[in-house]
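Here is a short report on a protein pair and the DNA beside it. Look at the sequence and model first, then read on.

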Number of protein chains: 2
Amino acid sequence: MSIASDLIRGHTETIILALLTRSDSYGYRINKAIRTATKGAYELKEATLYTAFRRLEEADYIRSYWGSEESGARRRYYTITEAGRIAYARLLEEWQRANVLINRLVEGNIEGGDL
Amino acid sequence: MSIASDLIRGHTETIILALLTRSDSYGYRINKAIRTATKGAYELKEATLYTAFRRLEEADYIRSYWGSEESGARRRYYTITEAGRIAYARLLEEWQRANVLINRLVEGNIEGGDL
DNA sequence: ACGAGATACCTCACCTGTCAAGGTATCTAT
DNA sequence: ATAGATACCTTGACAGGTGAGGTATCTCGT
């Protein structure tokens with residue numbers, strides 16, 4: 001079972017930043033890591049991934065450089081910047097706050113008798 | 001601090017259905033309940049809410065009827081249908097599954113050494 | 001030698017849900 | 001009278017995700 005696009009939305013950038021926090025990486029690898037880690041349930045489509053990279057780079061949260069592979073297809077590696085680390089921390093916190101609220105709301109736990 | 005739209009996205013329908021599971025209600029009240037329950041952090045904008053109602057009604061997950069208020073502004077009440085209850089259960093389950101994965105991913109916990 | 005499949009990148013047009021900004025009407029309290 | 005709350009609704013714009021297409025290299029089996 002795969003995850004609906006609208007649930008994915010809003011997490012793409014956070015996930016990419018999370019992975020780049022660990023180490024530099026490149027598109028294809030990040031994509032595959034996510035797919036295998038979630039057994040195919042969560043998948044960033046290539047188009048989504050590359051547009052996200054562009055957004056992140058424009059925001060100066062990541063920077064890119066071409067790998068020096070002697071053989072095989074060329075790879076564009078991404079590094080997270082200091083601004084990116086800060087943004088990641090903020091996004092993570094924001095998500096954790098939101099998560100609590102969303103869980104409460106989707107379960108209909110609105111206390112206080114209002115409704 | 002308010003929640004980003006992209007985190008809201010994908011939950012609107014689930015939240016509305018959750019509330020209607022409890023009892024019939026109407027737009028303004030649902031909206032306010034959410035706002036006060038989350039102390040303003042989570043807010044469905046009116047336009048979002050009403051388009052969601054239309055979507056849900058078209059899908060036959062909810063039905064609407066005009067309230068019989070003697071005074072005050074007229075209210076359009078919504079009831080959840082049987083199909084709506086089933087859809088809600090599915091959405092809730094889907095979300096709970098997604099939640100686990102998202103949490104893992106945004107924290108960068110990709111085990112297995114891949115990446 | 002050749003084809004299939006994996007690796008690796010990229011772009012464009014389209015779709016869908018959210019939102020800002022506007023509107024209408026009624027009731028209540030000052 | 002007027003402000004503010006209650007209550008509904010529509011429109012156009014916007015942004016992120018996606019399907020469908022493209023390019024190029026390497027490996028492996030036949």
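The same surface serves both copies: 100% of the contact residues of chain B recur in chain A. Here, contact means that the C-beta atoms of two residues, placed from the backbone, lie within 7 Å.

This is a predicted model, in which local features need pLDDT of at least 70 and side-chain atom pairs count only at pLDDT 80 or more, while totals for chains, interfaces and linings use all residues. Residues are numbered from 1 along each chain as its sequence is written, with chains lettered from A and ligands numbered from 1 in the order in which they are written.

## The interface between A and B

Chain B gives 39 residues to the contact, and chain A gives 39 residues. On the chain B side, α1, α2 (12-22), α3 (27-37) and α5 each supply two or more residues. Helices are DSSP runs (H or I, at least four residues), numbered from the N terminus. The largest share, nine residues, comes from α5(B). By class, this side of chain B holds 22 nonpolar, nine polar and eight charged residues. Nonpolar covers Ala, Val, Leu, Ile, Met, Phe, Trp, Tyr, Cys and Pro; charged covers Asp, Glu, Lys and Arg; the others, Gly among them, are polar.

B:L101 sits in helix α5 (residues 82-106) of chain B. B:L101 touches A:I3, A:T38, A:A41 and A:Y42, leaving aside residues up to four places away in sequence.

## Burial

A residue is buried if 20 or more other C-beta atoms, placed from the backbone, lie within 10 Å of its own. B:L101 is buried, because 20 other C-beta atoms lie within 10 Å. α2(B) is mostly covered, with nine of its 11 residues buried. Among them are B:T12, B:E13, B:I16 and B:L20.

## The surface near DNA strand C

Near means a C-beta atom, placed from the backbone, within 6 Å of the strand. 27 residues surround DNA strand C, and the closest are A:Y26, A:G27, A:Y28, B:S5 and B:A47. Two or more residues each come from α3 (27-37) and α4 (46-58) of chain A, and from α1 (5-8) and α4 (46-58) of chain B. α4(B) gives the largest share, six residues. This surface has 10 nonpolar, eight polar and nine charged residues.

Definitions and conventions
A residue is buried if 20 or more other C-beta atoms lie within 10 Å of its own, exposed if 12 or fewer, and partly exposed in between; C-beta atoms are placed from the backbone.
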